Amino acid sequence: MGPGSDDHEGRFELYYHPLSPYSQKVLVAIYEKGLEFTPRIVNLKSAQERARFRELYPMGKLPLVVLNHGPLIPESSIIIEYLDGLGGARLIPEDAEDARRTRFIDRFCDNYLIDSASILFAEGAKAPAHQDTSRIETAQHQITAIYDFLEHEVSHRVWAAGAEFSMADCAAAAGLFYASRIMSFRDRPNLAAYAERLATRESVARVRAEATPYLQALLTRIKQLRETA
Ligand SMILES: N[C@@H](CCC(=O)N[C@@H](CS)C(=O)NCC(=O)O)C(=O)O
């Protein structure tokens, strides 16, 4: 199961990049469900690829699902809702209250964790003289608040939104992959244990293993740029 080269009825294309956190969130969902898909890696740093991708989807945001003879499906959470309809273990529970909690933690991880971690990562890639300190401080405060919130949530749950792995964990895994490299979980034992459960989950481990060569290449490039700055 997983990436394949032949398009056929029912298979969807996924435009993504292994380093993009929102792409990672959707890949975790796909691997959880064991769905077949046709991978289309897009490097948005290439002006040519970015322009070509914007012709397909004017917002130019990854990930994007494209169906055979069907509509475009952008937005990671909406993609996961779509994937839930295809079968496999549910990532958005049927029970209304469980679904509400799952969607809330998913939004929370997207809007605050992933976005703040992305800001810290982007600022960290700049030479110190070019870093925006107030942007960094705001993102650090957000991540501190998120860590505290998650520490409480996973003190009484195995997964972020309940007993079963859900869309909330897909989003948390993507955010924590980056945030934990920049800010430690210091004095938050429940969050540290949850992060360890995520890291050993097959779907998450696979997504991270696929991202690792890209991450290493990026870190090497950042180091070289900073040395020559
Ligand atoms: N709300 C969107 C966010 C997607 C997003 O921001 N993707 C990033 C990559 S992780 C992107 O495409 N950035 C390129 C850009 O903003 O130009 C989702 O959940 O899919």
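User: How does one judge the radius of gyration of the protein chain, with its 229 residues, against that of a compact globule?

Analyst: The radius is taken over C-alpha atoms, and the globule rule is 2.2 Å times the number of residues to the power 0.38. For 229 residues a compact globule would come out near 17 Å, and the protein chain has 18 Å, so the value agrees with the rule. Along the principal axes, the C-alpha atoms fill a box of roughly 50 × 50 × 25 Å. This is a predicted model in which local features need pLDDT of at least 70 and side-chain atom pairs count only at pLDDT 80 or more, while totals for chains, interfaces and linings use all residues. Residues are numbered from 1 along each chain as its sequence is written, and side-chain values use heavy atoms, with hydrogens and water left out.

User: How many helices and strands are there in the protein chain?

Analyst: There are eight helices and four strands, helices being DSSP runs of H or I with at least four residues and strands runs of E with at least two, numbered from the N terminus. From that end, their order is β-α-β-α-β-β-α-α-α-α-α-α.

User: How do you know how domain 1 and domain 2 meet, and how many residues of each are in contact?

Analyst: The chain is divided into domain 1 (12-84) and domain 2 (96-223), with bounds that come from an automatic or database domain assignment. Taking contact as heavy atoms within 4.5 Å, 17 residues of domain 1 touch 24 residues of domain 2. The area buried between them is about 1,900 Å², 65% of it from carbon and sulfur atoms, where buried area is the accessible area (1.4 Å probe) that two parts lose on being put together, summed over both. Leu 19, Val 28 and Tyr 31 supply 31% of what domain 1 buries against domain 2, more than any other three residues.

User: What makes the peptide bond from Leu 62 to Pro 63 cis or trans, and what sets the phi of Glu 75 apart?

Analyst: Omega of the bond from Leu 62 to Pro 63 is near 0°, and the bond is cis; Pro 63 is found in the loop between α2 (47-56) and β3 (64-67). Phi of Glu 75 is near 75°, a positive value in a residue other than glycine, and Glu 75 is in the loop between β4 (72-74) and α3. Most residues other than glycine have a negative phi, and most peptide bonds are trans.
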